[in-house]
Amino acid sequence: MTVQFTIDGLEVKAKEGEHLLDVARRHGIDIPSLCHHEAVEPIGACRVCLVEVRSGQKTTITTSCNFLVEDGIEVHTDTAEVRKHRAMNLELLLARAPKSDVVRKLASASGVTRTRFEPLAYEPLPNCILCELCVRTCDMLGHHALTTVGRGDKKRIGLPFNKPSDNCVGCASCLSVCPTQCISVKDTPTQRAIWGQKHDFILCKVCGAPVITKKHRDFAISEKGLPEDYYDTCEKCKQSAASKRFASVVW
Amino acid sequence: MQAFKTPKQLQAHRKKIIESRPADRKAIAVCAGTGCKAFGSLSVYDVFQKTLKSSGLDKKWELRATGCHGFCERGPLVLMFPSGTLYQKVKPEDVDEIVEQTLVKGKTIKRLTYQDPVTSKWFRREQDIPFYKHQHRLVLKQNGMIDPTSLDDYLTIGGYGGFLKALKMRPAKVIDEVKKSGLRGRGGAGFPTGTKWEICAGTKATQRYVVCNADEGDPGAFMDRSVVEGNPQSIIEGMLIGAYAMGASKGIVYLRQEYPLAVQRLGLALESAREAGLLGKNILGTGFDFDIQINKGGGAFVCGEESALIASVEGRRGVPKRRPPYPAISGLWGKPTNINNVETWATVPLILDRGHKWFSSIGTEGSKGTKIFSLVGKVNNTGLVEVPMGMTLKEIVFGAGGGIPDGKSFKAVQTGGPSGGCLPESKLDTPVDFDTLVQEGSMMGSGGMIVMDESTCMVDVAKYFVGFLKFESCGNCTSCRDGLQRLYELLSDVCEGRASMETLDLIEELAGTIRATSLCALGTTSVNPVLSTLKYFRDEYVAHVKEKRCPAGVCKSLITYTIDEKNCNGCTICAKKCPEQAISGKKKKLHIIDQQRCIKCGICKDVCKYDAVIVA
């Protein structure tokens with residue numbers, strides 16, 4: 001079913017069951033956010049993507065990433081209330097991740113350049129804003145190597161039972177989605193160190209560059225049914241081989 | 001217990017049981033609720049059992065270990081039927097005398113009866129004691145009358161009458177009955193129960209669930225615990241009625257594992273209900289299938305929030321999820337799920353049995369029926385009180401509660417658990433119902449009620465509750481997780497004399513964002529203690545900030561202990577008790593506290609008989 005409503009006065013249509021943030025972005029309306037990624041389910045962690053939703057007599061401030069669109073609502077993305085609360089949440093995040101460029105930029109766009117709060121007393125992973133994108137991505141990819149540990153002010157991202165996880169294949173997807181890039185991944189030409197473990201790389205049979213970790217290849221081949229030799233060569237060498245093949249056929 | 005194959009069989013058995021147990025039969029009810037048990041009521045029960053047997057009185061007197069009577073402070077409680085005589089603080093060595101004097105000769109033992117600490121009056125009968133007199137006990141009353149492990153006992157007091165009546169109605173009619181009664185959820189939010197049932201029943205689904213939320217987590221609150229421990233069959237009956245009305249075949253009780261007695265008693269009750277054919281396949285031959293399982297919660301406060309509860313039952317972390325979709329549409333494993341609190345479920349059978357008109361005649365326009373409160377703190381009579389909706393805070397605190405002990409004056413009452421607001425004396429005439437409490441900046445919550453006297457520092461209280469909630473937050477939302485952490489730091493600044501007036505502004509600003517932008521009710525209500533104390537006790541905050549003074553003499557950083565020249569007669573007791581040897585002075589001479597050594601523990605003040613220790 002289609003629903004129809006307005007965002008900042010613009011008439012928009014969306015499918016029932018869609019989330020407001022996705023619809024807004026599709027229509028070119030920018031709502032800042034830190035914990036949203038289109039590949040995973042929204043959880044509304046960062047509380048930055050706030051909007052004001054008016055429905056009948058009721059006006060509520062809400063996060064847009066996990067708000068299911070409704071027919072006839074009136075959405076405002078830039079009211080005084082929204083700006084005020086977004087700025088406060090960004091100030092809290094800035095105190096948590098003072099060195100993160102992304103957080104600093106977003107905060108300063110909201111007029112927050114310094115924080116009135118003290119540095120965090122408990123900081124197991126500096127600059128982590130607990131958006132859980134790493135955990136959600138790891139789960140979505142089927143690895144389940146990461147988790148959140150504890151709750152409240154002691155919540156952190158970690159490994160189950162604080163031990164290097166057998167499930168981690170060293171794919172570093174966690175880092176690739178991390179908005180503050182706070183996850184430590186160290187690559188050498190032959191090895192990757194991540195989450196307390198070292199993973200050997202498969203090296204490209206042509207150029208010798210690292211292709212993928214061995215564990216990741218085994219997972220991909222057994223779970224995704226890729227051909228055994230799929231990761232023998234790196235993407236670059238695969239491309240140049242393909243273009244050579246292509247050239248020989250065309251000319 | 002025989003398995004009943006038809007409603008008629010059950011009805012016949014009920015009739016037989018009720019007839020065989022006349023209302024005026026002699027019985028002794030020893031409270032075996034958690035509070036009385038802790039006071040040793042089980043040994044009292046054992047001695048009663050032996051004595052009755054050896055004296056042959058066990059034929060005449062029925063002995064029962066019952067659920068909580070509510071007056072926990074005075075335990076172990078022994079109540080006698082039909083006279084209504086209540087003995088309190090009974091010890092095993094008192095039993096012989098009770099048997100001889102009261103059971104045989106019919107005499108009252110005065111020292112075991114209740115004496116009102118305020119008026120010094122003695123009371124023999126339970127119903128005359130002010131603590132009980134001000135109450136209107138519908139749910140709790142049954143607790144004191146029955147042995148929670150006996151299904152027959154429950155039948156005696158009219159149990160399963162509501163379910164039998166429901167079976168004669170169409171499910172929609174049952175929902176209608178609950179709707180008309182005006183019953184609102186007792187878990188805190190106060191959503192109309194019948195409407196919730198209707199939404200759940202209106203979904204298209206092959207599988208529906210009913211859930212009993214028994215994850216009671218408010219510090220100092222034990223209403224649900226007492227009902228599960230004292231009358232588990234009433235919850236089963238309520239859930240049966242709900243399941244029948246909504247077409248659910250599975251029920252789950254989410255019960256704290258910290259309540260071992262509740263887990264055990266509910267387990268026993270489920271077994272006996274199954275044996276009697278009241279749970280399982282084809283209940284009473286009606287073709288209705290329903291069974292209940294217990295899910296033990298791990299003790300996270302946030303799991304009382306329904307979406308977190310669902311996650312926990314499904315085996316995931318107890319983290320709340322955004323609603324809608326509401327559980328009534330998509331709950332456990334994506335199926336329509338109706339979640340009600342213990343008290344709500346226990347009230348349902350009464351409504352079906354006695355009718356919606358009877359129920360809605362109690363209470364106020366918007367809030368019907370009664371509500372159980374856990375009345376604790378600086379109040380003479382602590383325990384569980386069940387009062388009609390709309391009773392004023394004053395009647396509860398000063399009527400049932402008997403006022404403030406030790407001649408101190410009332411300061412505030414916090415309703416609604418850790419995230420409730422603190423209401424001052426000027427709000428004591430507030431009627432206690434769902435809507436008025438919210439208007440005044442507090443809430444009904446699940447029924448916690450903490451009374452505070454003049455010796456309580458309101459900033460310290462706010463800090464305490466924020467500290468509890470920051471620890472219990474699931475940590476999902478920035479506003480709640482980091483916000484409460486920062487709020488705690490700011491309140492600590494106030495309590496420790498580091499704050500400025502800007503700190504108070506920041507507290508208010510931050511609290512506003514936590515309230516407006518957190519996902520679940522834990523976050524949005526968490527700032528009530530802060531905002532309500534700022535509103536009603538702002539001068540106390542200002543005294544901390546501007547004068548660096550704690551008016552109640554609680555915040556250690558802002559107080560000093562000194563000895564008053566005039567009152568000190570040199571008895572040396574303070575010097576002897578001081579753990580830091582900070583007090584010096586010769587016998588019969590003025591004593592002095594070394595401020596460098598003093599850790600402000602307050603022991604000297606507590607032990608001084610001459611009021612010579614001054615806190616300023």
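Before the first selection, one convention: a helix axis here is a line fitted to C-alpha atoms over the stretch in contact, and the angle between two axes runs from 0 to 180 degrees between N-to-C directions. Keep in mind, too, that this is a predicted model.

Now select helix α9 (residues 171-181) and helix α12 (residues 232-246), both in chain B. Their axes come within 7 Å and cross at roughly 125 degrees. The crossing is left-handed.

Show side chains next. On α9(B), pick B:Pro171, B:Val174 and B:Ile175; on α12(B), pick B:Ile241, B:Tyr244 and B:Ala245. What classes of residue make this contact? There are 6 nonpolar residues, with no polar and no charged ones.

Over to chain A. Where they touch, domain 1 of chain A brings 10 residues and domain 2 of chain A brings 7. The domain 1 side of that contact splits into 7 nonpolar, 2 polar and 1 charged.

Last stop: the contact between the chains. Select the 23 residues from chain A and the 26 residues from chain B that take part. Which element of chain A gives the most to its side? Highlight residues 80-96: that's helix α2 of chain A, with 6 residues. By class, the chain A side holds 11 nonpolar, 5 polar and 7 charged residues.

Definitions and conventions
Residues are numbered from 1 along each chain as its sequence is written. Chains are lettered from A and ligands numbered from 1 in the order in which they are written. This is a predicted model: local features need pLDDT of at least 70, side-chain atom pairs count only at pLDDT 80 or more; totals for chains, interfaces and linings use all residues. Two residues are in contact if their C-beta atoms, placed from the backbone, lie within 7 Å. Helices (H or I, at least four residues) and strands (E, at least two) are DSSP runs, numbered from the N terminus. Ala, Val, Leu, Ile, Met, Phe, Trp, Tyr, Cys and Pro count as nonpolar, Asp, Glu, Lys and Arg as charged, and the others, Gly among them, as polar. A crossing is left-handed if the near helix is turned anticlockwise from the far one by less than a right angle, and right-handed if clockwise.
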